[in-house]
Amino acid sequence: VINIAHKLGAELFSNQSIALNGLSVDLVYETHGLKSFRTELRGALWLEWQGVKLPVLPLERIIAAKEFIGRDKDLAQLPILRNVGRSPGTYTGGDP
């Protein structure tokens, strides 16, 4: 994935973070609190980004991983992630 990003002209912040055309993307190579990679891949959504199809975990699986990991930065993101897709004005978490 890093090689593809580099060929597309992405700015590489690290082996896990890139930016291309104003979009920042975090790459995840290992997750904790989820099923095996093969199992999670079967439930992934395939999204096209810059002409390349990439697997993206459904939001509920990302939330499950962040809950399991429990770092402050992951826990701080949970209220926002839980409100993705809700109608404007229905935010139910803490400070966004």
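Q: What makes β4 and β5 a pair of strands?
A: Five bridges join strand β4 (residues 45-49) to β5, and the two run antiparallel. Strands are DSSP runs of E with at least two residues, helices are runs of H or I with at least four, and both are numbered from the N terminus. Two strands pair if DSSP finds at least two bridges between them, so β4 and β5 pair. L45 has V56 in β5 as its bridge partner.

Q: What sort of model is this, and how are its residues numbered?
A: The model is predicted: local features need pLDDT of at least 70, side-chain atom pairs count only at pLDDT 80 or more, and totals for chains, interfaces and linings use all residues. Residues are numbered from 1 along each chain as its sequence is written, and side-chain values use heavy atoms, with hydrogens and water left out.

Q: Which residue takes a positive phi in the hairpin of β4 and β5?
A: Q50 does, near 55 degrees. That hairpin has two residues between the strands. Just after α3, G70 also takes a positive phi, of about 70 degrees.

Q: How do you know that β1 and β2 pair?
A: Three bridges join β1 (residues 11-14) to β2 (residues 17-20). A hairpin joins them through two residues. S14 stands opposite S17 in β2.

Q: What does F13 touch?
A: F13 is found in strand β1. F13 touches I18 and A19, not counting residues up to four places away in sequence. Contact means heavy atoms within 4.5 Å.

Q: Why is the space lined by V1, I4 and A5, among others, called a cavity?
A: A cavity is a set of points on a 1 Å grid over the protein atoms alone, where a 1.4 Å probe fits but cannot get out. The structure holds one cavity of 30 Å³ or more. About 40 Å³ of space lies in the largest cavity. A volume is the space filled by probe spheres set on the points, which are joined across faces, edges and corners.

Q: What makes a residue part of that lining, and which residues are they?
A: A lining residue has an atom within 4 Å of a point. V1, I4, A5, L8, I18, W49, V52 and L54 line the largest cavity. The elements that give two or more residues to this lining are α1 (2-7) and β5 (52-56).

Q: How many residues of each class does the lining of the largest cavity have?
A: Eight are nonpolar, none polar and none charged. Ala, Val, Leu, Ile, Met, Phe, Trp, Tyr, Cys and Pro count as nonpolar; Asp, Glu, Lys and Arg as charged; the others, Gly among them, as polar.

Q: What is the volume of the largest pocket?
A: About 1600 Å³. Of the 37 residues that line the largest pocket, the closest to its centre are D26, L27, V28, Y29 and I62. A pocket is an open set with protein on both sides within 12 Å along at least five of seven lines.

Q: Which residues of α3 are called buried?
A: I63, A64, A65 and K66 are buried, meaning under 20% relative accessible area with a 1.4 Å probe, protein chains only. Their cover includes α4. Buried residues make up 22% of the 96 residues in the chain.

Notes:
Buried means under 20% relative accessible area, exposed over 50%, partly exposed in between (1.4 Å probe, protein chains only).
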